[in-house]
Amino acid sequence: MKFFLDTADVDEIREWNATGLLDGVTTNPSLILKSGRDIKEVLAEICDIVDGPVSGEVAATDVDTMIKEGKALASIADNICIKLPTTLDGIKACNILTNEGHQTNLTLCFNATQALLAAKAGATFISPFIGRLDDMGIDGMELIEDIRAIYDNYDFETEILAASIRTTNHVKDCAIAGADVATIPTSTIAKLLDHPLTEKGLAAFLADWEKTGQTIG
């Protein structure tokens with residue numbers, strides 16, 4: 001499973017990119033607002049750091065303006081992925097932009113039929129929102145499973161980009177369900193390596209090593 005970082009904070013992106021674990025980045029209007037920076041400026045900087053897809057989201061809701069904004073975003077760098085809402089106009093814009101050779105990411109997906117239409121429109125990625133469904137008392141992971149089954153039935157090439165991830169269990173369950181990508185906030189990705197037995201075992205090994213009086217190198 002690919003790991004995307006869900007942030008517009010270039011310092012966080014630079015730090016995680018150095019680990020070799022990062023495959024891409026997703027942003028949205030809320031994250032751009034939080035960054036306090038110009039969208040084109042911050043996306044250009046992110047694209048310079050990360051080799052993989054960097055999602056930049058349009059603000060328009062009608063197809064013509066979506067296409068215009070999408071092309072403006074795509075002109076920033078070759079690895080920009082145009083993020084569009086999963087609406088009828090978004091589907092139309094996705095089809096046109098994909099056919100013109102752009103990467104596309106249909107976002108705010110909350111059911112499997114939306115994902116089916118996104119794949120038929122040729123979206124590069126579909127972004128089902130797990131956490132927001134969980135907030136409504138609906139099992140968001142079932143959506144990932146349903147989309148995976150549909151896409152496998154018809155050999156769709158659209159990648160499932162699990163979004164609105166809140167916990168490390170979300171990441172694990174997405175991997176089990178077959179999501180192609182998980183876009184993860186830094187607060188969650190940092191916890192993936194945490195386990196009390198790892199820390200306890202390391203402390204014991206280091207204590208015993210100190211008793212040997214040896215050095216390495």
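A network of salt bridges links Asp11, Arg14, Arg37, Glu41 and Glu45. The model described here is predicted. Arg37 counts as partly exposed because its relative accessibility is 28%. Glu41 also falls in the partly exposed class, with a relative accessibility of 46%. In total, the salt bridges number twelve.

Another of these pairs belongs to helix α8, which spans residues 140-154. Here Arg148 forms a salt bridge with Asp152. The closest N and O atoms of Arg148 and Asp152 lie 3.2 Å apart. Four residues separate Arg148 from Asp152, about one turn of the helix. The two partners fall into separate accessibility classes. Arg148 has a relative accessible area of 15%, under the 20% limit, and is therefore buried. Asp152 reaches 46% relative accessibility, so it counts as partly exposed.

Helix α11, residues 196-212, holds a further pair. The side chains of Asp208 and Lys211 meet there in a salt bridge, at 4.0 Å from N to O. Asp208 and Lys211 are three residues apart, about one turn of the helix. Asp208 is partly exposed, at 44% relative accessibility. Lys211 has a relative accessibility of 69%; this is over 50%, so Lys211 counts as exposed.

Helix α8 also contributes to a charged area of the surface. Asp134, Asp139, Glu142, Glu145 and Asp146 form a negative surface patch. Three residues of the patch come from helix α8, the largest share. Glu145 counts as partly exposed because its relative accessibility is 43%.

Ser127 presents a buried site. This residue lies in strand β6, which covers residues 125-128. Ser127 has a relative accessibility of 1% and so counts as buried. What does Ser127 touch, not counting residues up to four places away in sequence? The contacts of Ser127 include a run of neighbours made up of Asn105, Leu106, Thr107, Leu108 and Cys109. Leu161 and Ala163 are also touched by Ser127.

Technical notes: Residues numbered from 1 in each chain as written. Predicted model: local features only at pLDDT ≥ 70, side-chain atom pairs only at ≥ 80, totals over all residues. Heavy atoms only, no water. Patch = residues over 30% accessible without salt bridge, like charges linked within 9 Å, V, L, I, M, F, W, Y side chains within 5 Å. Areas by Shrake-Rupley, 256 points an atom, 1.4 Å probe, with all protein chains shown as cover. Lys, Arg positive; Asp, Glu negative; His and termini not counted. Charge placed at Lys NZ, Arg CZ, Asp CG, Glu CD. Helix = DSSP H or I, 4+ residues; strand = E, 2+ residues; numbered from the N terminus. Buried < 20%, exposed > 50% of the residue type's maximum accessible area, 1.4 Å probe, protein only. Contact = heavy atoms within 4.5 Å.
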